[in-house]
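Dear colleague,

Please find the structure below, together with its sequence. My notes on what was found in it follow directly after.

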Amino acid sequence: MQQAKFSLSPPLVEFLNDYKRFGFKDKSSMVQTALQRMEEQLTLQQLQQSANLYAELYEEESEVRELTETAITGWPE
């Protein structure tokens with residue numbers, strides 16, 4: 001596993017030092033879990049923004065609505 005060096009503010013260092021209280025075996029596993037959750041949240045946020053843009057486009061562009069309706073014709077509900 002690769003290592004990374006970074007700096008933390010004193011309150012974050014104190015928080016990280018409480019890794020056992022939060023059920024982590026070490027500081028590394030706590031940081032890894034936090035970064036994985038952040039990555040998931042950011043991905044979800046990007047997907048939501050993309051869906052919102054597509055919904056906006058669908059509402060504003062009649063050609064897109066017609067194309068979508070034509071494409072789904074015959075699909076099971």
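How many salt bridges does the structure hold? It holds one, a salt bridge being a side-chain nitrogen of Lys or Arg within 4 Å of a carboxyl oxygen of Asp or Glu. Before the details, please note that this is a predicted model, in which local features need pLDDT of at least 70 and side-chain atom pairs count only at pLDDT 80 or more, while totals for chains, interfaces and linings use all residues. Residues are numbered from 1 along each chain as its sequence is written, and side-chain values use heavy atoms, with hydrogens and water left out.

The salt bridge joins Arg21 to Asp18, with 3.8 Å between the closest N and O atoms. Side chains of opposite charge can pair when their charged atoms come close. For accessibility, buried means under 20% relative accessible area, exposed means over 50%, and partly exposed lies in between (1.4 Å probe, protein chains only). Arg21 is exposed at 62%, whereas Asp18 is partly exposed at 32%.

A search of the whole structure finds one aromatic pair. Its members are Phe15 and Phe22, in a tilted arrangement with 5.1 Å centre to centre and 50° between the planes. (Rings of Phe, Tyr and Trp, the last by its six-membered ring, pair if their centres lie within 6.5 Å; planes under 30 degrees apart count as stacked, over 60 as edge-to-face and the rest as tilted.) Both rings belong to partly exposed residues: Phe15 has a relative accessibility of 43% and Phe22 one of 39%.

Phe15 and Phe22 also contribute to a nonpolar surface patch of about 530 Å², together with Phe6, Leu8, Leu12 and Val13. Patches are made of residues with over 30% relative accessible area and no salt bridge; like charges are joined within 9 Å, and nonpolar side chains (Val, Leu, Ile, Met, Phe, Trp, Tyr) within 5 Å. Accessible areas come from the Shrake-Rupley method with a 1.4 Å probe, and for residues only the protein chains shown count as cover. Leu8 lies in the segment before helix H1 (10-17) and is partly exposed at 36%. Helices here are DSSP runs (H or I, at least four residues), numbered from the N terminus.

A negative surface patch is formed by Glu56, Glu59, Glu60, Glu61, Glu63, Glu66 and Glu69. Helix H2 (27-60) and helix H3 (62-72) are the elements that give two or more residues to this patch. Asp and Glu count as negative, and Lys and Arg as positive, with His and the chain ends not counted; the place of a charge is NZ of Lys, CZ of Arg, CG of Asp or CD of Glu.

Why does H3 lie largely in the open? Of its eleven residues, the number buried is zero. Within H3, Glu63 is exposed at 63%, while Glu69 is partly exposed at 45%. Just after H3, Gly74 takes a positive phi of about 90°.

Glu69 and Ser9 are 60 residues apart in sequence, with 54 Å between their C-alpha atoms.

With kind regards
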